[in-house]
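Me: I would like to go through the ring contacts in this model, and then one of the helices. Could you take me through them?

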Amino acid sequence: MDGTLSMPLPKGFLDFLEENGLDPSIYAARDSVPRYVRIKPGDESQIPELEMEMKCKLEKVVWLPGFFAIPAHIQIASSKAYQEGKIYGIDAASGAAVMSLDISHGDHVLDLCAAPGAKLCFLSDLLGNSGSLTGVDIAKHRLAACRTMLKKYSLGDRCRLFVADGTTFSLLPLRVHPDSRLEILRNTGEEKIDLYEEWTSRRSWKERKKAAKARDNLHMLSVKTEPELIFYGPQSGVIGVSKSELFQSECGSETSKLGYDKVLVDAECTHDGSFRHIEKFEHWGWATLQRRVLDAKRTDSLTLLQLKLLSNGFKLLKTGGSLVYSTCSLTVAQNEDVVDQFLAANPAAELQEICAAKNWPCRSGRIPKTLRFDPLVSQTSGLFVAKFTKLSIG
């Protein structure tokens with residue numbers, strides 16, 4: 001490096017960048033890249049007050065509705081608007097990945113790697129009072145943070161959250177809202193069956209004991225456990241259905257018509273495109289970077305995971321639906337190579353043009369119709385985006 005960086009990068013990481021054809025200067029641009037926030041629809045009138053409180057100008061992102069740029073050093077967590085659930089942080093590139101789905105009124109949407117939750121909130125914003133949103137993540141504590149965000153921003157009415165392995169998750173959306181069935185059973189005096197009632201975060205002692213026993217048994221079981229439902233909104237379609245109905249797995253013949261309209265697979269990756277993530281290794285130690293980013297076995301296992309997540313997300317997509325695959329890695333192995341492998345194995349998958357991207361500050365990936373954001377070109381974190389549709393075969 002030429003010494004202009006305030007964060008010197010170790011030789012091992014520089015070698016990693018060179019091997020992947022990446023320009024180290026993207027990390028020198030960190031001070032010029034703003035922080036991005038999204039204002040909840042209907043709260044735009046709060047902007048002058050927020051500017052006064054934060055002592056900075058909110059610059060409208062002209063290519064991404066509802067997004068604003070603020071200086072990188074500004075922290076929003078202490079602001080009144082943040083505490084009242086009117087504003088949340090989300091990088092503009094991540095917002096572009098969500099916008100690529102082209103959410104329509106009434107869509108049933110799956111976010112297969114939902115944590116930490118900003119994109120989940122954005123998806124819920126776009127759906128409004130229609131459709132449904134299903135969030136999945138394998139880490140329960142991270143998904144619990146998603147639940148907290150949805151509740152804070154009052155965006156969870158049509159959402160359900162499952163702790164589950166995204167590579168094997170197989171539950172279809174509940175397309176018919178059976179909310180009234182519970183009331184019918186109560187009024188008719190029919191024998192009560194095990195139906196979901198209004199969600200509550202408080203569980204009985206018996207339920208807590210059962211959950212603890214299930215966790216203890218996980219270490220002794222070789223079979224996969226079913227997804228764990230940790231949140232559902234009043235309009236998510238869960239209220240009034242039985243557990244057996246809710247946890248009925250997809251079957252191939254049903255998915256073509258009853259699968260999700262839109263699926264987002266923002267897959268786990270090495271996060272090398274996020275300079276703010278790389279900054280953390282100054283505190284974590286560069287040896288941690290070696291283990292999490294540079295280790296060949298780690299990256300090989302990641303690309304396999306990414307392909308499995310993409311494949312399973314596509315399996316749950318209905319015919320004619322759209323899926324967006326994204327990572328915040330800039331490496332070809334985790335992006336274009338995964339896309340190539342996926343297309344080779346899935347004849348029903350076709351890459352789609354992202355029409356809105358004509359006005360976006362990004363460049364094309366190595367595969368036509370794919371996109372790449374980076375600090376130098378886009379003034380955002382690094383992100384790769386590919387959009388697919390499912391064709392009718394046979």
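Predicted model: local features only at pLDDT ≥ 70, side-chain atom pairs only at ≥ 80, totals over all residues.

Me: Where do Trp63 and Phe373 lie?

Reply: Trp63 is in the loop between β2 (59-60) and β3 (67-70), whereas Phe373 belongs to strand β13 (residues 371-373). The pair therefore ties together parts that are 310 residues apart in sequence.

Me: Is Trp63 buried or exposed? And Phe373, buried or exposed?

Reply: Trp63 has a relative accessibility of 16% and counts as buried, the cut-off being under 20%. Phe373 is buried too, at 0%.

Me: What about Phe342 and Phe388: how are their rings arranged?

Reply: Their centres are 5.0 Å apart and their planes stand at 75°, so this pair is edge-to-face. Phe342 sits in helix α15 (residues 336-345) and Phe388 in strand β14 (residues 383-390), so the contact ties together parts 46 residues apart in sequence. Both Phe342 and Phe388 are buried.

Me: Going back to Trp63, which residues do ring pairs link into a cluster with Trp63?

Reply: Ring pairs link Trp63 with Trp360 and Phe373 in a cluster.

Me: Now the helix. How many residues of α5 are buried?

Reply: Nine of the ten residues of helix α5 (residues 118-127) are buried, which leaves the helix mostly covered. Among them are Ala118, Lys119, Cys121, Phe122 and Asp125.

Me: What follows α5?

Reply: Gly128 comes after α5, and its phi is positive, near 60°.

Me: Let us pick one residue there. Where does Ser124 lie, and is Ser124 buried or exposed?

Reply: Ser124 lies in helix α5. With a relative accessible area of 11%, Ser124 is buried.

Me: Which residues is Ser124 in contact with, leaving aside its neighbours within four places in sequence?

Reply: With those neighbours left aside, Ser124 is in contact with Leu133 and Leu155.

Conventions. Residues numbered from 1 in each chain as written. Heavy atoms only, no water. Helix = DSSP H or I, 4+ residues; strand = E, 2+ residues; numbered from the N terminus. Buried < 20%, exposed > 50% of the residue type's maximum accessible area, 1.4 Å probe, protein only. Phe/Tyr/Trp six-rings, centres within 6.5 Å; stacked < 30°, edge-to-face > 60°. Contact = heavy atoms within 4.5 Å.
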